[in-house]
Amino acid sequence: MSRRRDPKRPEDVIPYKQPKVSPDDADPDYFGMISLLGAFGGLVFRQKYAVWVSFVAALISQLTAKSTEKEHRQGSTGTIAFTLMGVVMLYMQLLLKSTNDAIMAEREAALNE
């Protein structure tokens, strides 16, 4: 007959061991996916808020990554670079548009004189 273990007895306590999870079974990086989709959508539809949200999501993805994932994963750095380029491209369009408007106004003033 087998004896049932009594959890009140210290010699019968079984210490907890965390199960090992393989890198293939790890949860997907949702913030990385959001950042890529947001940056792409922000660039295509010229939405500043989408690009800024994607930049924040890329930073969260980078900061919450485990140290073992950081060694094997270079995609998060590419995601941050892509979102930064999205921010730069959006604001460059605004800068170039205002510069072009100023140049066109100067040319029209010169032609009218």
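Reply: The account below goes from the conventions to the helices, the loop and the patch. This is a predicted model, in which local features need pLDDT of at least 70 and side-chain atom pairs count only at pLDDT 80 or more, while totals for chains, interfaces and linings use all residues. Residues are numbered from 1 along each chain as its sequence is written, and side-chain values use heavy atoms, with hydrogens and water left out.

The two helices are α1 (30-45) and α2 (48-64); helices are DSSP runs of H or I with at least four residues, numbered from the N terminus. The axes of α1 and α2, lines fitted to C-alpha atoms over the stretch in contact, come within 7 Å and cross at roughly 160°. The angle runs from 0 to 180 degrees between N-to-C directions, and over 145 degrees counts as roughly antiparallel; α1 and α2 are therefore roughly antiparallel to each other.

R46 lies in the loop between α1 and α2. Its phi is near 55°, a positive value in a residue other than glycine. Most residues other than glycine have a negative phi. R46 counts as exposed because its relative accessibility is 58%, the cut-off being over 50% with a 1.4 Å probe and protein chains only.

Y30, F31, I34, V53, V56 and I60 make a nonpolar surface patch of about 560 Å². Patch residues have over 30% relative accessible area and no salt bridge, and nonpolar side chains are joined within 5 Å; a salt bridge places a side-chain nitrogen of Lys or Arg within 4 Å of a carboxyl oxygen of Asp or Glu. Both α1 and α2 supply at least two residues of this patch.

Definitions and conventions:
Patch = residues over 30% accessible without salt bridge, like charges linked within 9 Å, V, L, I, M, F, W, Y side chains within 5 Å. Areas by Shrake-Rupley, 256 points an atom, 1.4 Å probe, with all protein chains shown as cover. Buried < 20%, exposed > 50% of the residue type's maximum accessible area, 1.4 Å probe, protein only. Parallel < 35°, antiparallel > 145°, perpendicular 65-115°, else oblique.
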